[in-house]
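Welcome to my notebook. I looked up a few things in this structure and jotted down what turned up.

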Amino acid sequence: MTFEQLHAQLQSKDALIGVIGMGYVGLPLALTFVEAGARVLGFDLDPSKPERLTRGETYLKHIPSRRITDATATGRLAATSDMSRLKDVDIILICVPTPLTKTLEPDLSFVTATATEIARYLCPGQLVVLESTTYPGTTEEEVRPLLETSGLQSGQEFWLAYSPEREDPGNAQFATAQIPKVVGADDDQARTLVAALYGIFSDQVVEVSSSRVAEATKLTENIFRSVNIALANELKTVYGAMDIDVWEVIDAAKTKPFGFMPFYPGPGLGGHCIPIDPFYLTWKARQYGQTTRFIELAGEINTHMPNRVVDALEQQLQQQQARTLSRANILIMGLAYKKNVDDVRESPALRLMALLEQRNASVSYHDPLAAEIPSTREYPELTGRRSVAWNPEQFAIYDAVVIVTDHDGVDYAALTRTAKLIIDTRNVCARTLDADMSRVHKA
């Protein structure tokens with residue numbers, strides 16, 4: 001297929017779009033394309049995902065099954081675990097994880113394995129787009145050489161581009177189609193094609209000059225959040241020593257109509273972006289002889305927050321119950337990394353559970369959206385543990401409850417009336433009507 005033919009197919013929505021990785025990024029992206037009138041074939045090596053999608057079932061709680069059944073009913077959404085069908089699609093989108101190693105270095109194994117697999121089936125006239133968050137240079141330095149092992153040349157026989165995902169699971173205000181799409185490529189034809197691709201559903205496609213600029217854009221967005229959250233976390237500690245409520249301070253400061261943007265403290269960072277992305281730039285910067293002291297300091301502050309929560313819990317147990325953490329019975333309220341989602345990746349709740357058990361505490365958790373702890377590389381010992389049932393009367397058996405995730409729909413007022421001690425890392429109790437704050441400590 002020629003450039004002109006593929007461009008025409010994109011404009012008429014006739015191109016078949018392949019999405020590799022039907023998870024938190026790939027699934028909503030695929031559904032958004034279908035809802036805009038395009039055809040999508042989803043790929044995932046986990047065969048249960050294509051099977052469930054074919055049956056119209058969801059496996060992500062923030063995506064309702066109705067949205068999937070509506071998409072499959074159009075006949076424009078299908079899914080498979082057969083990677084040989086990559087030769088049947090016109091567009092290939094890579095939406096796979098980019099985690100960190102134990103030494104905080106980029107782990108591109110999912111990206112490189114996917115690019116290697118694509119190369120086996122790559123056809124002339126296809127457009128390949130990397131969406132996974134990564135350091136500047138990945139598309140050109142890592143993905144392109146692997147794709148060219150097919151014998152095809154980028155910019156001549158196939159096209160390559162980068163467009164960073166901007167998913168925010170559980171955010172009802174900004175769905176995929178409502179978020180401007182940044183696109184970058186290293187040749188004009190690829191840039192034109194990728195802009196036409198996302199123009200299928202986005203009213204605002206932002207073209208940048210290269211894949212490196214697009215990759216750097218994504219990192220900058222999340223580093224901005226990481227640094228400002230670290231500042232809020234540090235202010236919480238400083239103001240706490242002065243007996244000043246940092247949440248009250250932030251609420252007052254955000255009334256200023258210019259020059260201030262509110263960020264809030266918490267028990268630590270979680271999710272697939274903010275705890276990870278800054279280290280991608282830190283690692284890459286060293287190759288250029290550059291240091292990222294500001295970014296690394298923010299990472300240190302945020303990473304240490306679970307330890308500060310444990311310290312606050314221990315202090316309150318000693319002051320109010322004259323006991324230590326050893327053999328204390330603790331309930332973690334909320335396992336997900338953020339409110340109203342079931343995603344536990346990098347959740348500070350897991351770190352808190354591990355830290356408390358290292359101190360010989362007995363730890364349970366309750367989360368209405370995360371019934372069981374999945375397998376994780378960092379905390380394999382927690383795999384399979386299940387959420388205790390919601391029963392505020394029974395929560396009195398715990399020496400303390402630590403609120404880590406402030407899901408909507410949880411009756412925090414009832415919790416405050418029965419729990420012996422609450423360590424509230426989200427300030428949710430203070431925002432709850434009829435809450436009894438006498439046993440609540442903000443941390």
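I began with Glu 357, which forms a salt bridge with Arg 385, the closest N and O atoms being 2.5 Å apart. For a salt bridge I need a side-chain nitrogen of Lys or Arg within 4 Å of a carboxyl oxygen of Asp or Glu. This pair links distant parts of the chain: Glu 357 sits in helix α12 (residues 348-358), and Arg 385 in the loop between β10 and β11, 28 residues apart. The helices (H or I, at least four residues) and strands (E, at least two) in my notes are DSSP runs, numbered from the N terminus.

A word on the model before going on. It is a predicted one, so I ask for pLDDT of at least 70 for local features and 80 or more for side-chain atom pairs, while totals for chains, interfaces and linings use all residues. Residues are numbered from 1 along each chain as its sequence is written, and side-chain values use heavy atoms, with hydrogens and water left out.

Next I checked how open the two partners are. Glu 357 is partly exposed, at 25% relative accessible area, and Arg 385 is partly exposed too, at 27%. My scale is: buried under 20% relative accessible area, exposed over 50%, partly exposed in between (1.4 Å probe, protein chains only).

Then I searched the whole structure for salt bridges and found 27. One of them joins Arg 212 to Glu 141, with the closest N and O atoms 2.3 Å apart. Arg 212 lies in helix α8 (residues 211-241) and Glu 141 in helix α6 (residues 138-147), so the pair ties together parts that are 71 residues apart in sequence. Arg 212 is partly exposed at 33%, and Glu 141 is partly exposed at 31%.

I also looked up Arg 323 and Asp 399, whose side chains meet in a salt bridge (3.3 Å, N to O). Arg 323 is in the loop between α11 and β9 (329-333) and Asp 399 in the loop between β10 (362-366) and β11 (400-403), so this pair ties together parts that are 76 residues apart in sequence. Here Arg 323 is partly exposed at 26%, whereas Asp 399 is buried at 7%.

My last stop was Asn 302, in helix α11 (residues 293-321). Is Asn 302 buried or exposed? Asn 302 is buried, with a relative accessible area of 3%. Leaving out residues up to four places away in sequence, Asn 302 touches Ser 226, Ile 229, Ala 230, Asn 233, Gly 268 and Leu 269. I count a contact when heavy atoms are within 4.5 Å.
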